[in-house]
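Welcome! The report below will walk you through it piece by piece.

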Amino acid sequence: TIPQTGVFFLDFDTGNYLDIKGDRVFPAASTIKLPSLIAVFQDLDAGKVRLDDTLVMRDDLITNGSGEMQDDPVGSRYSARETVTKMITISDNTATNMIIDRLGGIKKLNERFRSWGLKDTKIRNWLADLSGTNTTSSKDMVQLLALLVNNKLMSASSKAQVLDILRHTTMKTLLPAGLGPGADIANKTGDIGFLI
């Protein structure tokens, strides 16, 4: 069988786009971490979060899958900056749960995603969501990035920090692998075995 795909490309300079089933809904896997990252920096701008806030790892937030924080003892303390950075750069699932918790939980984040106009992006379960119940679409992810790049979601300094974190992802075998030497990419991929 042919695997299902969904593609949405947008050229920010020209507005030209390519849409091949871009609204097809897929399990989000670790791409759900991208809107969570953006929510952190929106809250930073609003004064609701500080990057030097201390987050304490609770037992109910620890999960398996990608990352290293799951190996630390319950009660370990991290700065919000360290936690959000690990959520993206090494795709840490426990860090993600800690961020979702700090931002008010799943329901609050889903309300925020809807307020940005995302139709298909929804968290249904805490990570690791290995059965793929959390969802998104290519079109939603591009819409979110367009809002970010066009300064609709946060201050210029927060946007710069978001892009810097996304430039330091350690997974180099997916999107970055297709680029030539010296190319710059800010990205977040996801993989749950049956879907990339």
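Predicted model: local features only at pLDDT ≥ 70, side-chain atom pairs only at ≥ 80, totals over all residues.

## Helices α1 and α4

Let us begin with a pair of helices. Two packed helices are described by the angle between their axes and the distance between the axes. Helix α1 covers residues 33–45 and helix α4 covers residues 106–115. Their axes are 11 Å apart, and the packing angle is about 90°. Because angles of 65 to 115 degrees count as roughly perpendicular, α1 is described as roughly perpendicular to α4.

Which residues bring α1 and α4 together? On the α1 side you will find P35, S36, A39, Q42 and D43, and on the α4 side L109, R112 and F113. Sorted by class, the residues of this contact are 4 nonpolar, 2 polar and 2 charged.

## A closer look at Q42

Q42 belongs to helix α1. Is Q42 buried or exposed? Its relative accessible area is 18%, and since buried means under 20%, Q42 counts as buried.

Setting aside residues up to four places away in sequence, Q42 touches R112, W116, L153 and M154. One of these, R112, is also part of the α4 side of the helix contact described above.

## Two aromatic pairs

Now for the rings. A pair of aromatic rings is described by the distance of the centres and the angle of the planes. How many aromatic pairs does the structure hold? There are 2. In one of them, F8 and Y17 are stacked, with 5.6 Å from centre to centre and 15° between the planes.

You can find F8 in strand β1, which spans residues 7–10. Apart from neighbours within four places in sequence, F8 is in contact with Y17, L18, D19, G22, S138, K139 and V142. I106 is 98 residues away from F8 along the chain, and the C-alpha atoms of the two are separated by 26 Å.

## Helices α2 and α6

Our next helix pair is α2 (residues 80–89) and α6 (residues 156–167). Their axes come within 8 Å and cross at roughly 50°. That angle makes α2 oblique to α6, and the crossing is right-handed. From α2, the contact uses R81, V84, T85, I88 and T89, while α6 contributes Q161, I165 and L166. By class, the contact of α2 with α6 has 4 nonpolar, 3 polar and 1 charged residues.

How many residues of α2 are buried? The count is 7 of its 10, and the helix is mostly covered. The buried ones are A80, T83, V84, K86, M87, I88 and T89. These buried residues pack against α1, β4 (54–56), β5 (77–79), α3 and α6. After α2 comes S91, which has a positive phi, near 55°.

S158 is a residue of helix α6. With a relative accessibility of 1%, S158 counts as buried. Which residues does S158 contact, leaving aside its neighbours within four places in sequence? They are F41, L44 and D45.

N93 sits in helix α3, which runs over residues 93–102. N93 is buried too, and its relative accessible area is 6%. Residues up to four places away in sequence are again left out here: N93 touches S30, K33, T63, N64, G65, S66, L127 and A128. As for D23, it lies 70 residues from N93 along the chain, and the C-alpha atoms of the two are separated by 26 Å.

Conventions
Residues numbered from 1 in each chain as written. Heavy atoms only, no water. Axes fitted to C-alpha atoms, helices over the stretch in contact; angles between N-to-C directions. Helix = DSSP H or I, 4+ residues; strand = E, 2+ residues; numbered from the N terminus. Parallel < 35°, antiparallel > 145°, perpendicular 65-115°, else oblique. Contact = heavy atoms within 4.5 Å. Nonpolar A, V, L, I, M, F, W, Y, C, P; charged D, E, K, R; others polar. Buried < 20%, exposed > 50% of the residue type's maximum accessible area, 1.4 Å probe, protein only. Phe/Tyr/Trp six-rings, centres within 6.5 Å; stacked < 30°, edge-to-face > 60°. Left-handed = near helix turned anticlockwise from the far one by under 90°.
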